Amino acid sequence: MTSGIRERLYALLPAFDRLRDAEEGEPLRALFAVIERELHAVEDNIGDMYRNAFIETCDEWVAPYIGDLLGVRGLLGTGDGVFTQRAYVANTLDYRRRKGTAAVLERLARDISGWPARAVEFWQILGATQNLNHVRLLNVRTPDLRDTERLGLIGGPFETAAHAADVRRIAPDGGRYNLPNVGLFLWRLQSYPLEGVDPARSAAPGVDGFHFSPLGSPSPVFNRPQAEESDTALLGEANAEGPIRPAAFHFHRSDYYGPDAAFALYENSISPGSLIDLARIMCKDLSAWAPPPSGMVAVDVRLGRFAFPAGEAPARVVASYAYGFSADIGGGPYRRSDTLAVPAADTWTATVGRQGADFTTVSGALAAWADPNTGNRRDAIITVADNATYDETLSIAPAAGRTLVIQAADGARPVIRLTGDLAITAAELDSVVVLNGLALAGAVRVETGALSLLRVVHCTLVPGLGLNEGGEPARPEAPSLAGDAPNVALRVEIDRSITGALRLPPDALGLTVRDSIVGSAQPDGPGTPVQALVSGNLSPFPELSFPFPALDVSIGSEGPHRATLAFVPASLAAARDALQDAIRAAHPSPAFTNARVLSAGNLLLVAPGGP
């Protein structure tokens with residue numbers, strides 16, 4: 001608030017006094033300058049006090065105090081590099097101003113859980129006797145049985161059919177529709193949009209049918225949520241990230257179909273002129289692949305299928321759609337730029353894509369990398385730039401001390417359908433292979449001595465090497481990742497990925513799995529597989545120098561618990577017995593007290609005592 005005019009106090013003096021002061025060497029002017037500095041300090045302090053009364057303009061150190069006045073808990077002083085608490089307190093202020101409203105309950109649920117939420121005041125959908133002072137025309141006791149769209153919403157967050165009052169408590173999910181009850185519906189699955197996808201052709205005979213999913217399995221089409229009109233508006237069906245209801249698509253096709261909508265279908269390539277017209281799109285149940293009438297395209301959003309009349313399918317179909325999943329793992333159109341490899345000065349780089357890339361296939365890029373005249377098997381980064389599907393036969397032969405990265409571009413999820421195993425060959429150690437952001441339908445196999453480190457980051461190694469039209473693994477007994485024995489230098493790291501079973505050699509150096517989903521192979525015959533921890537080769541048996549060896553053991557979600565051996569074992573049999581006793585004494589749960597340690601050849605196997 002300090003004025004931009006200097007010497008305001010001195011300027012208030014009469015001109016006669018200022019002239020006399022100039023004749024005396026301006027001592028009065030110097031005095032007023034000192035007084036004015038103090039005036040500015042007082043004015044600045046008053047201005048700071050005014051600004052600090054509002055969360056939008058206050059100093060950062062004031063924000064915790066305003067938050068304390070509001071009862072906001074967990075606020076600490078911020079230091080360098082720490083994010084501001086201003087928005088947190090400002091949101092709390094906004095909540096206080098609108099407390100008790102359904103819109104605030106929605107925002108609180110969304111902010112706390114991170115999931116979209118819908119608040120429903122159940123008293124609004126109770127059947128009521130009409131009052132002329134408050135007419136509620138939608139609250140008719142008997143729903144219109146011909147209104148299939150409204151009937152399909154019954155029991156969900158957007159229903160409008162009236163109910164009789166339910167006097168049971170809402171807590172055990174016994175009662176719902178009553179005057180004091182408010183419900184919160186949450187959408188756990190997120191919507192992940194994909195552009196330029198190659199749909200998988202149906203295996204059903206006699207129909208030109210396709211799956212939206214390139215893996216050829218059921219994948220319900222999810223909505224791409226539209227922005228809400230305002231913070232005070234309740235979440236609508238068009239704003240939710242859930243799967244599209246067939247009835248909603250049938251009655252409001254233009255809301256869900258189009259270049260900027262939930263999904264779109266193109267002939268041959270993505271361009272405005274190749275978009276299949278909305279007038280040809282119809283909603284249809286394709287569970288039995290019933291063909292649509294001539295000239296039409298049937299879409300089943302529930303199963304993620306679409307079909308053309310027999311003989312009318314174009315040479316190539318390209319789709320844009322959104323699928324649902326619960327987290328940013330397994331590859332997908334989400335940001336993972338912090339995991340992508342950055343080329344150094346001597347790194348060989350190449351891009352793969354349908355258009356505008358160096359190569360149109362991954363195998364073509366690998367062949368150029370292995371060619372002595374181009375890549376010469378040096379450090380390389382191969383980036384797949386789109387969401388297309390690539391049918392490939394791949395083999396990698398890394399050179400000693402070199403790193404090969406095959407990654408998807410940030411925000412892309414290409415699908416590689418392998419016609420055989422992705423074999424990593426050549427017996428040269430100290431080499432590294434990194435797979436990042438890919439969906440692989442097939443197996444990865446590391447041959448003897450071919451590799452020192454295999455990193456699988458943000459990838460999906462499809463369990464069972466592929467999925468059938470029912471969504472089941474094509475080969476449930478087959479592992480997604482296998483290694484040939486011996487492989488004493490092999491380390492495998494799996495980070496934020498989804499894989500099928502792993503079958504690594506017992507002498508492998510190590511396996512690290514972080515934030516991932518790892519399936520288990522289903523045996524061909526009867527029997528239940530048991531997960532076990534297998535040691536490396538213990539011949540000759542190592543000499544232990546610690547007087548009381550100890551290790552931390554976790555079984556499932558229990559642990560880690562410290563298991564201390566009672567003595568120093570000198571043989572495999574002694575180690576087996578001492579380790580079993582230590583694990584059983586580490587914790588009283590059945591998983592520990594019934595654990596077993598077995599010896600097989602030169603190996604030790606640790607099996608849990610329960611689920």
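This is a predicted model: local features need pLDDT of at least 70, side-chain atom pairs count only at pLDDT 80 or more; totals for chains, interfaces and linings use all residues.
**Notebook: sheets, cores, salt bridges and a surface patch**

Gly209 stands opposite Ala307 in strand 9.

**Entry 1: around strand 5**

I looked up the strand pairing first. Strand 5 covers residues 208–211, strand 9 covers residues 305–308, and the two pair in the antiparallel sense over 4 bridges. On to strand 4: 2 bridges join strand 4 to strand 5, and these two also run antiparallel. Here I noted Arg201, which stands opposite Phe210 in strand 5.

Next I checked which way the side chains of strand 5 go. Asp208 and Phe210 point one way, while Gly209 and His211 point the other way. Are these four buried or exposed? I found that all are buried.

A reminder to myself: strands of a sheet pair through backbone hydrogen bonds, either parallel or antiparallel.

At the strand 26 end, I looked at the pairing with strand 23 (residues 481–483), which is parallel over 2 bridges. Ala482 has Arg503 in strand 26 as its bridge partner.

**Entry 2: the nonpolar cores**

I asked for the largest nonpolar core and got one of 38 residues. Which residues have the most contacts inside it? My list reads Leu366, Ile396, Ile424, Leu438, Val444 and Leu454. Helix 10 (residues 362–370) gives the most to this core, with 5 residues.

Leaving out residues up to four places away in sequence, Leu366 touches Ile382, Leu394, Ser395, Ile396, Leu404 and Ile406. Another core lies apart from the largest one and has 26 residues. Among them are Tyr192, Phe210, Val299 and Tyr321, and I had already met Phe210 as the residue opposite Arg201.

**Entry 3: salt bridges**

My search of the whole structure turned up 29 salt bridges. Side chains of opposite charge can pair when their charged atoms come close. I wrote up three of the pairs.

The side chains of Arg98 and Asp94 meet at 3.2 Å, N to O. Both Arg98 and Asp94 are buried.

For Asp421 and Arg445, the N to O distance is 3.5 Å. Asp421 lies in the loop between strand 16 (415–418) and strand 17 (422–424), and Arg445 lies in strand 20 (residues 444–446), so this pair ties together parts that are 24 residues apart in sequence.

Asp515 forms a salt bridge with Arg496, and their closest N and O atoms are 3.9 Å apart. Where do the two residues lie? Asp515 is in the loop between strand 27 (510–514) and strand 28 (517–518), and Arg496 is in the loop between strand 24 (491–495) and strand 25 (498–499), so the pair ties together parts 19 residues apart in sequence. Asp515 counts as exposed because its relative accessibility is 54%, whereas Arg496, at 27%, counts as partly exposed.

I also followed shared partners. Salt bridges of that kind join Asp421, Arg445, Glu447 and Asp484 into one network.

**Entry 4: a nonpolar patch on the surface**

Last, I turned to the surface. Leu105, Leu108, Ile112, Val182 and Leu184 form a nonpolar patch there, with about 430 Å² of accessible area together. Which elements each supply at least two of its residues? They are helix 6 (102–113) and strand 2 (182–186). The largest share, 3 residues, comes from helix 6.

Terms used:
Residues are numbered from 1 along each chain as its sequence is written. Side-chain values use heavy atoms; hydrogens and water are left out. Patches are made of residues with over 30% relative accessible area and no salt bridge: like charges are joined within 9 Å, nonpolar side chains (Val, Leu, Ile, Met, Phe, Trp, Tyr) within 5 Å. Accessible areas come from the Shrake-Rupley method with a 1.4 Å probe; for residues, only the protein chains shown count as cover. A salt bridge is a side-chain nitrogen of Lys or Arg within 4 Å of a carboxyl oxygen of Asp or Glu. Two strands pair if DSSP finds at least two bridges between them. Buried means under 20% relative accessible area, exposed over 50%, partly exposed in between (1.4 Å probe, protein chains only). A nonpolar core is a set of buried Ala, Val, Leu, Ile, Met, Phe, Trp, Tyr and Cys residues joined through side-chain atoms within 4.5 Å. Contact means heavy atoms within 4.5 Å.
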